[in-house]
Structures are given as C-alpha cells and as structure tokens.
Amino acid sequence: MKRAFNWDDTRIFLAIVRAGMLSGAAEALEMGVATISRRLERLEQALAMPLFSRHQSGYRLTDEGEALLERAEALEYAGLAFGETANLQGNVAGLVRLATSDNLASHFIQPSLKTLLEKYPSLRVEVLSGVQSVNLHRRDADLAVRMVKPESGNLTLKRLGTVGFGLYGAKTYLKELDRMEGGVRLSEAHYVGWSDSHQHLPAARWVTRMLRGRPCRVEANTLVAQVSAVSAGLGLGVLPHFMAREKDLQCIDSEPGVDQALWLVMHSDLAESRRVRATADHLIALFDEVKDQLTMP
C-alpha cells in the first residue's frame, strides 16, 4: 500500500546523499541509524521508487533519485527561506558561510571582517577558501565571491568589480631575458601557467597562445602558487595586479586583455536573509572601496 508523502523525509534523502551512508546521515541529523533507515523506506514507499542502490562502500543515487535531487534541494531552500522570513524583524545573528579564493580572503575579506562583526556581535562568519569549488545549491556555502560567473541555477548575482591582470616577472629573471641576444623576447621566455583543469581561464589561454606549442616550465592550480613560482624566477606569469604588487614583481604588460569580473553570488531563496544580506552588503561596500587596488598595476 502506498504511503502518504511526508515532505520532512526529504531531509533524510539529502543527508544520505551528502554523507553517502546511513551512519553519516544519522550523525548529521542527530538521529539513530534505525530511524534514518525507517524514514528512507517510508519515503521510497511514498514515491513508489527506489532512491538509492546499496553497495558495500555506501549508498548511491539511482537514476530516479538523481532526477529528484534538484527538487529536494529546492524544497530544502524553501524551508530555510520560510524560517529566515519569520525572523526578518529579529537581530542579525547566526552563521554565514562564505566561499571565496585564498587570495581574496587573505588580502581583502578577512581583514575587513572586524568591522562587520563589531556591527553585528551575534553574527559568525565561516570563510571557505581553496581550489575546490562549492555548490550553493547543496548548501556548501550561503554566498560566494567568484571570478567565474555562474551560468545557471536559482542564483542572485551582483558584480563587485574587476580584477586586473598583467604579465609579471621577477627582476632576477628579467635580467636573464635582457642578456638574450636581441633583448627580451616574450615568445622565447619561460612561463608559469595553469594546470590542465584550468585551461578555460583567460590567463591560461593567453599563456597558451604565447607558448605556441611549447610546454609551460611550471604549472600550478592556484594563483598563490603561481605568484610564488614567478617570484622565484621560474618564468613569467599572468597575475592579478594586487598580488604581484605585494611581491614587488615587475610588470611587463599591464593590459594583456585577460581582466576578470568579480561576482557576488548567493542562492535566491537566501537573498533576503538578514544574516546573508548584512554580509553581502558589507562585501559590496568593501570591494567598492578597494576597486582601484584590484584594477591598477
């Protein structure tokens, strides 16, 4: 007999998706494993379809479960938005998870947080930085500051400004190039570039064109690592002006044509959350204040 659908069981479904096993879902939701198993069974009976296939390594989504994942996430966000709306008249409080890159976090965002937290003492901020991208739809973070514009999803976007890039080299390496016959030849220089997984970036494509089939001397998947390699004299690199300036690198070309827009991204259902809105407004004001530092060599 088909059971009635209980929307709260979607929490069980999403927790198992994220943990990959019943025990992890039980820990995340602070429930017993038997309860998790029973509610998953109830959900599958209500939907009249299997949502997971069971393996020794854990639970994997079936095709039917995969098809329902986006709808389940939308239901989760609708519940969060309902709770946030109920507290619109309350204080700005709670945890905001902000995803961004290491360089933007260390140079601009983290030094600015003291002002935000002094204004809202009950607010907490978790900065998630690194090379691994986050999924706002799966609640990896509440909002993000990105140099790549998302092309799809139920997202609210705000352009924060432009990150200017230039071609830079260490003074020691530029002296080596000067000693070459005919002086500095960019087509013959060594380059520090991006790894294969980042070849879609404008800076990576610029370096590829300049190399004309030659391999990069050094490849890295973060700007911090590239700045370090260029500073060590391993080659030329296309770097953000604000990062190269801090390391006293010499600019060879201030406008190679690979500047990138900077975007503030949040899930649309959280756009009116007081804690998320207060953090977003702070970031908008911050990047307006430092826009010259981002764009100028």
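Tutor: A residue is called buried when its relative accessible area is under 20%, exposed when over 50%, and partly exposed in between, using a 1.4 Å probe and protein chains only. The model is predicted, so local features need pLDDT of at least 70 and side-chain atom pairs count only at pLDDT 80 or more, while totals for chains, interfaces and linings use all residues. Residues are numbered from 1 along each chain as its sequence is written, and side-chain values use heavy atoms, with hydrogens and water left out.

F52 is buried, at 3% relative accessibility, and F13 is likewise buried, with a relative accessible area of 3%. Rings of Phe, Tyr and Trp (its six-membered ring) pair if their centres lie within 6.5 Å, and planes under 30 degrees apart count as stacked, over 60 as edge-to-face and the rest as tilted. By this rule there are 5 aromatic pairs, one of them the tilted pair of F13 and F52, with 5.6 Å from centre to centre and 50 degrees between the planes. Because F13 lies in helix α1 (residues 9-19) and F52 in strand β1 (residues 52-55), this pair ties together parts that are 39 residues apart in sequence; helices (H or I, at least four residues) and strands (E, at least two) are DSSP runs, numbered from the N terminus. F52 also pairs with Y59, and since their ring centres are 5.9 Å apart and their planes at 65 degrees, that pair is edge-to-face.
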